[in-house]
Amino acid sequence: MTTDLSPSVLLRTLLVLAAAAGFSVASIYYAQPILPMMGDTLHLSIGSIGLIPTLTQAGYALGILFLLPLGDRFDRRIIILLKTLALALMLMLYSLSGGEHSVLVLSLLLGASATVAQDIVPAAAILSASGKQGKAVGMVMTGLLLGILLSRTVSGVVSAAWGWRIMYQMAALSIALTGVALWRVLPRFGSQTTLTYPMLVKSMVQLWARHPALRRAAFAQGLLSVGFSAFWSMLAVMLSQQFHLGSAVAGAFGIAGAAGALAAPLSGSLADKVGSNRVTQYAAGLTTVSFGLMLFMPLLPGVWQLGLIALCAIGFDLGMQSSLVAHQTLVYKLDPQARGRLNALLFTGVFIGMALGSVLGSAMWGEFGWPGVIVLSVIASLASLIVRMVERRRLHLQDLNPTRG
């Protein structure tokens with residue numbers, strides 16, 4: 001389904017969608033650079049601090065798996081607006097958290113509500129004409145990825161100046177304003193299936209079984225997410241303990257990583273030219289090398305170590321986001337009538353990886369310190385590269401012998 005929006009109206013709508021996706025997904029990353037600050041305020045143990053990003057990512061993964069399919073069945077506009085309202089409420093309640101149990105429960109619910117960002121991405125594809133959907137998705141993904149990366153910078157600076165509770169209250173206000181903008185620009189969406197909710201969930205199992213390319217995409221991107229999440233979850237703790245730097249500096253590293261968001265519109269076009277599998281392979285290779293370079297940090301003086309981290313953040317975020325957009329380009333082509341469910345399955349893999357990265361990153365930090373976190377990230381990225389290399393070989397053999405495809 002496409003709409004008859006004029007080019008100017010479509011552009012304005014896509015810009016609002018990009019901003020909404022960015023603000024929404026940022027909600028699950030605000031905590032990362034300020035975990036030590038939150039831990040001090042709420043008297044949390046290291047284990048409980050590590051559970052905050054873990055439960056947020058787990059809530060996001062569960063929300064993607066069980067809420068995203070509704071976009072194929074009901075008017076996507078209504079779903080987006082309701083989830084935006086829920087997210088604003090969760091953010092406000094989060095700012096009022098009084099102890100360990102409340103912040104952990106709200107972390108899970110906040111993650112589930114923030115999946116509105118993933119309802120927005122398929123909406124961009126639906127609104128755009130055939131042949132221009134990749135560009136539209138790339139535009140919205142740019143907003144989403146900027147939200148992921150710059151969220152840490154904003155959170156670090158705002159929390160250092162006014163406290164983490166004010167940060168979450170400002171976030172709630174931004175989501176409320178975003179909801180008003182979405183209400184004004186979004187058209188109604190027709191249903192893309194008549195399946196009941198139980199059948200929608202069942203159909204996801206069938207889609208997963210039917211499309212091996214989807215399984216490999218979710219697995220490969222999930223592995224990249226392990227390293228990505230482990231790094232960003234433990235960066236603030238490392239900077240605090242080893243360099244005695246606060247949340248503002250930890251958040252500032254998000255500016256370096258934001259360079260990766262610039263790859264979003266480009267990697268989709270590149271995937272059309274050279275193939276999604278090749279783009280994901282290059283991206284996984286770049287991510288592996290970028291993480292690996294940080295193993296040489298002990299050989300450098302202090303300030304140069306920070307410079308190396310910033311440089312590597314540019315590299316692995318560029319690889320991570322290029323791979324993500326290329327994987328989305330790949331799976332959206334598998335079944336245009338099931339984009340919401342395909343997106344749900346892909347991002348379930350992504351955020352299972354994110355949650356595992358938070359858990360494993362915290363464990364590696366406890367046992368081996370920062371080098372352990374980096375080794376974990378290198379291994380996970382290398383495993384993703386191997387998955388894509390095996391897939392490329394399989395496709396090559398299939399081209400040589402199509403009857404065995």
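Good morning. The helices α5 and α6 cross each other in a left-handed manner; a crossing is called left-handed if the near helix is turned anticlockwise from the far one by less than a right angle, and right-handed if clockwise. What I present today is a predicted model, in which local features need pLDDT of at least 70 and side-chain atom pairs count only at pLDDT 80 or more, whereas totals for chains, interfaces and linings use all residues. Residues are numbered from 1 along each chain as its sequence is written, and side-chain values use heavy atoms, with hydrogens and water left out.

Let me stay with this pair. Helix α5 covers residues 76–95 and helix α6 covers residues 100–113; they pack at an angle of about 160 degrees, and their axes are 9 Å apart. The axes are lines fitted to C-alpha atoms, for helices over the stretch in contact, and the angles run from 0 to 180 degrees between N-to-C directions. Why do we call α5 and α6 roughly antiparallel? The term applies because their angle falls in that class: over 145 degrees is roughly antiparallel, under 35 roughly parallel, 65 to 115 roughly perpendicular and the rest oblique.

The residues of α5 that meet α6 include K83, L87, M90 and Y94, and those of α6 that meet α5 include V103, L106, L110 and S113. Contact here means heavy atoms within 4.5 Å. By class, this contact has 11 nonpolar, 2 polar and 1 charged residues. Ala, Val, Leu, Ile, Met, Phe, Trp, Tyr, Cys and Pro count as nonpolar, Asp, Glu, Lys and Arg as charged, and the others, Gly among them, as polar.

Now to the whole protein. How many helices and strands does the protein have? There are 17 helices and 0 strands. Helices (H or I, at least four residues) and strands (E, at least two) are DSSP runs, numbered from the N terminus. Buried residues make up 58% of the 405 residues, where buried means under 20% relative accessible area, exposed over 50%, and partly exposed in between (1.4 Å probe, protein chains only). Among contacts with a separation of 6 or more, 85% join residues 24 or more positions apart.

A second pair is α1, residues 7–26, with α7, residues 116–127; the angle is about 160 degrees and the axes lie 8 Å apart. These two helices are therefore roughly antiparallel, and α1 passes α7 in a left-handed crossing. The contact of α1 with α7 divides into 11 nonpolar, 2 polar and no charged residues. Among the residues that meet are L10, T13 and L17 in α1, and V116, I120 and L127 in α7.

Helix α11 leads us to the core. A nonpolar core is a set of buried Ala, Val, Leu, Ile, Met, Phe, Trp, Tyr and Cys residues joined through side-chain atoms within 4.5 Å. The largest one has 113 residues, and F231, F351 and W370 have the most contacts inside it. Its largest share, 15 residues, comes from α11. Beyond its neighbours within four places in sequence, W370 is in contact with residues including F231, M234, L235 and M238.

N343 lies in helix α16, residues 339–368, and counts as buried because its relative accessibility is 0%. N343 and P122 are 221 residues apart in sequence, yet 7.8 Å apart in space, C-alpha to C-alpha. S159, in helix α8 (residues 133–162), counts as buried at 2% relative accessibility. Not counting residues up to four places away in sequence, S159 touches I34, M37, W164 and M167.

Is H43 buried or exposed? H43 is exposed, at 72% relative accessible area, and lies in the loop between α2 (35–42) and α3 (46–67). Its phi is near 55 degrees, a positive value in a residue other than glycine. H244, in the loop between α11 and α12 (247–257), has a phi near 60 degrees, also positive. H244 counts as exposed, at 68% relative accessibility.

Thank you for your attention.
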